[in-house]
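Look at the sequence and the 3D structure below before reading on.

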Amino acid sequence: MNIKNEKILEFDKIKHMLSELALCDKAKENAIKLTPYMDLEETRRKIKETSMAKDIIERTGTPPLPIMKDIKVYIELAEKGVMLTGEQLSEISTFALSVTRLKKYLKKSETWDNEICLYGDSLHDVSELSDEIESKIRNGIVDDNATPLLKDLNRKIENGKNQARGKLESMLRRNPLWFSDGFISQRSGHLTVHVKQEYKFQVQGTVVDRSGSGATYFIEPDSVKKLQADISMHEIDRQNEIIKILFTLTNYVCDYARMLYTNIEGIEILDFIFARAKLSLKMDANEASIETRRRIIVKSGRHPLI
C-alpha cells in the first residue's frame with residue numbers, strides 16, 4: 001500500500017492509534033511500519049492472534065506488560081563491565097518480577113485452549129535474579145544490611161558519631177559562654193562547635209571554618225578528632241563494600257543476560273499482539289473472514305474512525 005492510498009483510507013491514523021496502545025518502543029515501531037499482509041496464511045494467523053488476545057483480555061483483564069524503557073541498555077552496560085547503579089538494578093528487578101506476573105497471567109489462558117499461552121512458555125523465569133537484587137537494594141540504594149560487613153560498618157559509623165556528639169554536647173553544657181550557639185554542625189565532613197572569637201584559644205582543636213563576619217570559629221575539638229578519623233576510615237570501607245555489592249549484582253545481571261534479552265523480545269511481540277487486541281476492543285471490531293475468491297462482501301461494515 002502506497003502512502004497516497006494509506007492516507008485516503010486513513011490507515012495511517014489507525015496505525016497511529018495502534019501505536020498509542022503499545023507500551024514498548026519496538027511494538028510502537030512495528031505498529032507504525034505495519035502494512036497489509038500479502039500471504040493468506042500469515043493474514044489468517046495474525047487475525048487469529050488478535051482474536052485470541054482479545055479473548056484473554058475480555059476474560060482476564062488487561063495484561064501486566066512491563067514498560068521496558070532502558071532495560072536493554074542497562075544489560076548492555078553490564079556486559080561491557082560498567083557498574084550498574086542501585087536505581088538501574090531496581091528497574092531490572094522490577095522487569096524480572098513483571099515477567100513472573102505475565103507468565104502467571106498467560107497461564108490462565110491454558111484452561112480454554114488459547115494458543116497465546118504458549119508465549120508464556122517462551123519467557124524465562126528470572127525470579128532468582130529479582131530475589132537477589134531485592135535482598136540487597138531498597139528504594140534504589142544499597143540496603144544498610146545488605147551484607148554482614150556493611151551492617152557492621154554502618155553500626156561502627158553510627159556508634160562513632162553518637163560518641164563524638166556526646167563529647168561535644170558535654171563540652172557545650174560545661175562552657176556555654178564559649179559558644180555562639182548551643183548546637184553542633186558538620187563542616188567539610190567534620191563535626192564542629194561554634195566558638196566565639198574571643199574564646200577560640202579555650203577550645204583545643206582544629207579550625208575548620210569561620211563565619212563571614214569572623215565572629216564565630218567552627219572548631220573540631222581534639223577530643224573527637226580520633227573518633228572522627230575512625231569514622232572516616234569506616235566510611236571509606238563502607239563505600240568500598242557498596243561498590244563491591246553493586247559490581248556483584250551487575251555481574252549477576254550478566255549471568256542472566258541471555259534470558260533477559262529473550263524475555264524482552266518475547267514481551268515486544270506480546271505487546272504488539274495485545275495492542276491489536278486493545279484496538280479491536282476499542283473499535284468494537286469483529287474478526288474478518290478471509291476468502292481466496294477475488295471478491296469482497298462487507299456486511300454491516302463501517303469505517304473504524306467514524
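How far should the 27 residues of helix α9 span at 1.5 Å a residue, and how far apart are its end C-alpha atoms? The model is a predicted one, so its geometry is computed, and the check is simple to follow. The expected span of a helix is 1.5 Å times one less than its number of residues. For α9, which covers residues 148-174, this gives 39 Å, and the end C-alpha atoms are 39 Å apart, so the two values agree.

Which residues of α9 are buried? They are Leu 150, Leu 153, Asn 154, Ile 157, Gly 160, Ala 164, Leu 168, Met 171 and Leu 172. An α-helix has 3.6 residues a turn, so residues three or four places apart point the same way. With that in mind, read the list again: Leu 150, Leu 153, Asn 154 and Ile 157 are among the buried residues of α9. The cover over the buried residues of α9 includes the strands β2 (141-142), β3 (179-187), β4 (190-196) and β6 (216-221), and also the helix α10 (222-255).

Now step back to the whole protein. There are eleven helices and six strands in the protein. The radius of gyration is 32 Å, whereas the globule rule gives 19 Å for 306 residues, so the protein is more spread out than a compact globule. A box around the C-alpha atoms, taken along the principal axes, is roughly 105 × 40 × 35 Å. Of the 306 residues, 38% count as buried. Among contacts with a separation of 6 or more, 66% are between residues 24 or more positions apart.

The surface and the charges come next. The accessible surface of the protein is about 18,200 Å², and carbon and sulfur atoms hold 52% of that surface. The protein carries 48 positive and 47 negative side chains, and the centres of these two sets lie 3 Å apart.

Two single residues show how parts separated in sequence can meet. Leu 23 sits in the loop between α2 (11-21) and α3. With a relative accessible area of 33%, Leu 23 is partly exposed. Which residues does Leu 23 contact, leaving aside its neighbours within four places in sequence? They are Lys 28, Leu 65 and Asp 271. Leu 23 and Met 68 are 45 residues apart in sequence, and their C-alpha atoms are 8.2 Å apart in space.

Ile 32 belongs to helix α3, which covers residues 25-32. Its relative accessibility is 44%, so Ile 32 counts as partly exposed. Beyond its neighbours within four places in sequence, Ile 32 is in contact with Lys 15, His 16 and Ser 19.

The last stop is the backbone angle phi. Ser 188 is found in the loop between β3 and β4. Phi of Ser 188 is near 50°, which is a positive value in a residue other than glycine. Is Ser 188 buried or exposed? At 69% relative accessibility, Ser 188 counts as exposed. Asp 284, in the segment after α11 (257-283), also is not a glycine and has a positive phi of about 55°. Asp 284 counts as exposed because its relative accessibility is 59%, and exposed means over 50%.

Definitions and conventions: Residues numbered from 1 in each chain as written. Predicted model: local features only at pLDDT ≥ 70, side-chain atom pairs only at ≥ 80, totals over all residues. Heavy atoms only, no water. Helix = DSSP H or I, 4+ residues; strand = E, 2+ residues; numbered from the N terminus. Buried < 20%, exposed > 50% of the residue type's maximum accessible area, 1.4 Å probe, protein only. Contact = heavy atoms within 4.5 Å. Rg over C-alpha atoms; globule rule 2.2 N^0.38 Å. Areas by Shrake-Rupley, 256 points an atom, 1.4 Å probe, with all protein chains shown as cover. Lys, Arg positive; Asp, Glu negative; His and termini not counted. Charge placed at Lys NZ, Arg CZ, Asp CG, Glu CD.
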